[in-house]
Amino acid sequence: MSILIDADTTFIVQGITGREAVNLTRECLDYGAGAKIVGGVTPGRLGRDVHGVPVFDTVAQAVDHNGGPIDGSVVTVPPAFTKDAVFEAIENGVKLVVIVTERIPRRDVAQMVELATLRGARIIGPNCLGIIVPDVIKMGGIGGPAKNARQAYSRGPVGVISRSGGMTTEMSSTLTAAGLGQSTAVSIGGDAIIGSTYAELMPLFEADAQTRGIVIYTEPGGRMEAALARWVTENDSRLPIVAFMAGRFMDEMPGMSFGHAGTIVEGKEDTASEKIARLAEAGITVAEDIADIPGILKAKMEERAAA
């Protein structure tokens, strides 16, 4: 099993004729059995195709051509037009929107997330690389070219959630090398406001019979870790969780950030040390080094299995 996407998931690419989107489309088509990309959308480009994927002017045209609802969309349009693109997708019945675009105004993101909630849709991102179910499907640029994604990701029992796109692959590759494959890996995005947080994805992993453990990559800034710790405690999660906290040095350098909005520390609760303490209180182990994660997780999963 998996969460969010599977071999039957259909999706479109909005902004498909852009350079990044052209490459992303090829990567998704080449991975696993080949993603079911049923169309692309770029206004004014109706009738063209990208790697055999038909291009439409609107999402409505893509839905009509598909003969029914489309499950998801990867949005790669410029920041100024992202909100309109996401609204268009959601209002045409798309239930999963992966937003690759970064530097979108916070107000626009808040409005997109609000609309998604009202329509029963889910947003992943913005400023993310997407979702991958190893050896099955990838939706977004996660893992890079198919041959690289096949090397880094393998099928298995570990769910991966990361604020950093690149570190999603780094952690999964480390797990793969240690013989721990992944059920689903999700790059949730590094912006201050995102569509799906750790705590919001946990119920999906909790319900997935294949997933037996979780690895998260996190950073200073924001309150998502506190929400995760609270969810794990309140729901008595069956899943052992191992986290890696980057940027601990930032506690000694007030005002420092990694260069994206999500790492801005606005108060004590946003600091690395405070987050580590909160996670530990909830039984979540914070590894000192990424290389330590597989050993710690294996031990925790064995302990849960024996209980």
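This is a predicted model: local features need pLDDT of at least 70, side-chain atom pairs count only at pLDDT 80 or more; totals for chains, interfaces and linings use all residues.
The structure contains zero disulfides. For Cys28, the closest cysteine sulfur belongs to Cys128 and lies 12 Å away, which is too far for a bond, because a disulfide requires a pair of cysteine sulfur atoms within 2.5 Å. Cys128, for its part, takes part in no disulfide, and its nearest cysteine sulfur is that of Cys28.

## Overall architecture

The protein is built with 10 helices and 14 strands. Its radius of gyration is 19 Å, close to the 19 Å that the globule rule gives for 307 residues, so the protein is as compact as a globular protein of that length. Taken along the principal axes, the C-alpha atoms fill a box of roughly 55 × 40 × 30 Å.

Of the 307 residues, 53% count as buried. The protein exposes about 12,700 Å², and carbon and sulfur atoms supply 51% of this area.

## The packing of helices H7 and H8

Helix H7 spans residues 198-206, and helix H8 spans residues 224-235. The two helices pack at an angle of about 35°, and their axes are 8 Å apart. On the side of H7, the contact is made by Tyr198, Ala199, Met202, Pro203 and Glu206. H8 contributes Met224, Glu225, Ala227, Leu228 and Trp231.

By class, the contact of H7 with H8 has eight nonpolar residues and two charged residues, with no polar residues.

## Ala60 in helix H2

Ala60 is found in helix H2, which covers residues 59-66. With a relative accessibility of 30%, Ala60 counts as partly exposed, because that class lies between the limits of 20% for buried and 50% for exposed residues. Leaving aside residues up to four places away in sequence, Ala60 touches Glu88 and Asn92.

How values were computed
Residues are numbered from 1 along each chain as its sequence is written. Side-chain values use heavy atoms; hydrogens and water are left out. Axes are lines fitted to C-alpha atoms, for helices over the stretch in contact, and angles run from 0 to 180 degrees between N-to-C directions. Helices (H or I, at least four residues) and strands (E, at least two) are DSSP runs, numbered from the N terminus. Contact means heavy atoms within 4.5 Å. Ala, Val, Leu, Ile, Met, Phe, Trp, Tyr, Cys and Pro count as nonpolar, Asp, Glu, Lys and Arg as charged, and the others, Gly among them, as polar. The radius of gyration is taken over C-alpha atoms; the globule rule is 2.2 Å times the number of residues to the power 0.38. Buried means under 20% relative accessible area, exposed over 50%, partly exposed in between (1.4 Å probe, protein chains only). Accessible areas come from the Shrake-Rupley method with a 1.4 Å probe; for residues, only the protein chains shown count as cover.
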